[in-house]
Structure formats: structure tokens, C-alpha cells
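Here's a quick tour of a protein model for you to follow on screen. Keep the structure open and click along as you read.

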Amino acid sequence: MLRMLLDRGPDVSAANYRMQTPLHEASSKGHEAVVRRLIDRGADVTVSDRHSKTPLHLASNRGHQSVAHLLVDAGGRRHCS
């Protein structure tokens with residue numbers, strides 16, 4: 001289902017009212033396969049929400065190590081303090 005939706009070309013970096021992107025949401029919930037697909041589709045791994053949290057912050061704070069590793073490998077490290 002996710003592949004079908006992504007194949008329609010949505011903006012994978014569109015933000016909600018909290019300035020969180022789909023990558024923020026998937027990272028915070030530990031959805032590794034979704035995170036991988038969003039990264040493959042060009043989602044910005046360095047984007048911050050309104051509280052200056054990146055997807056890497058959210059994954060790390062919630063103990064989702066495999067997701068955090070994906071984000072670091074995709075370039076998320078340079079913006080995580």
C-alpha cells in the first residue's frame with residue numbers, strides 16, 4: 001500500500017501543523033520499512049519540527065536504534081546535537 005501511495009508522487013517532505021514530516025512520524029514510531037522508503041524517495045533527513053527535533057532525535061529518544069542507524073547513514077548525523 002505504501003509503495004502504491006508513494007508511486008503517485010506525493011511530497012514526502014510535506015509538514016503537518018507541528019512542522020513534522022512523514023519521516024518524523026515514521027521515525028518516532030520505529031517504522032523501519034517506511035523510513036527506508038521515505039529516504040529512498042528523497043525525504044529530508046535533516047528537517048526539524050517546530051521544537052527543533054529531527055527524525056533522528058525522535059527515533060533516538062524513543063529507542064528505535066535500527067531507524068536511527070538508517071537516518072545516520074542517510075546523513076542525519078550532521079544536524080543532531
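Predicted model: local features only at pLDDT ≥ 70, side-chain atom pairs only at ≥ 80, totals over all residues.

Residues are numbered from 1 along each chain as its sequence is written, and side-chain values use heavy atoms, leaving out hydrogens and water.

**The whole protein**

- The protein has 5 helices and 0 strands; helices (H or I, at least four residues) and strands (E, at least two) are DSSP runs, numbered from the N terminus.
- Going along the sequence, you get the pattern α-α-α-α-α.
- Of its 81 residues, 33% count as buried; buried means under 20% relative accessible area, exposed over 50%, and partly exposed in between, using a 1.4 Å probe and protein chains only.
- Take the contacts (heavy atoms within 4.5 Å) between residues at least 6 apart in sequence: 60% of them join residues at least 24 apart.

**Helix H2 and its partner H3**

- The axes of H2 and helix H3 (residues 32–40) come within 8 Å and cross at roughly 155°; axes are lines fitted to C-alpha atoms, for helices over the stretch in contact, and angles run from 0 to 180 degrees between N-to-C directions.
- That makes H2 roughly antiparallel to H3, since angles under 35 degrees count as roughly parallel, over 145 as roughly antiparallel, 65 to 115 as roughly perpendicular and the rest as oblique.
- On the H2 side, the contact uses Pro-22, Leu-23, Ala-26 and Ser-27, and on the H3 side Val-34, Val-35, Leu-38 and Ile-39.
- Sorted by class, this H2–H3 contact has 7 nonpolar, 1 polar and no charged residues; Ala, Val, Leu, Ile, Met, Phe, Trp, Tyr, Cys and Pro count as nonpolar, Asp, Glu, Lys and Arg as charged, and the others, Gly among them, as polar.
- The buried residues of H2 are Leu-23, His-24, Ala-26, Ser-27 and Ser-28, and their cover includes H3, helix H4 (55–61) and helix H5 (65–73).
- After H2 comes Gly-30, with a positive phi near 75°.

**Helix H3 and its other partner, H5**

- H3 and H5 pack at an angle of about 10°, with their axes 9 Å apart, which makes H3 roughly parallel to H5.
- Glu-32, Val-35, Arg-36 and Ile-39 of H3 meet Ser-66, Val-67, Leu-70 and Leu-71 of H5.
- Those contact residues divide into 5 nonpolar, 1 polar and 2 charged.

- Ser-28 sits in helix H2 (residues 22–29) and counts as buried because its relative accessibility is 14%. Not counting residues up to four places away in sequence, Ser-28 touches Leu-58, Arg-62 and His-64.
- Ala-15 lies in the loop between helix H1 (2–7) and H2, and is partly exposed at 44% relative accessible area. Leaving aside neighbours within four places in sequence, Ala-15 is in contact with Gln-20 and Thr-21.
- Ala-33 is part of helix H3 and, at 53% relative accessibility, counts as exposed. Ala-33 and Val-67 are 34 residues apart in sequence but 8.9 Å apart in space, C-alpha to C-alpha.
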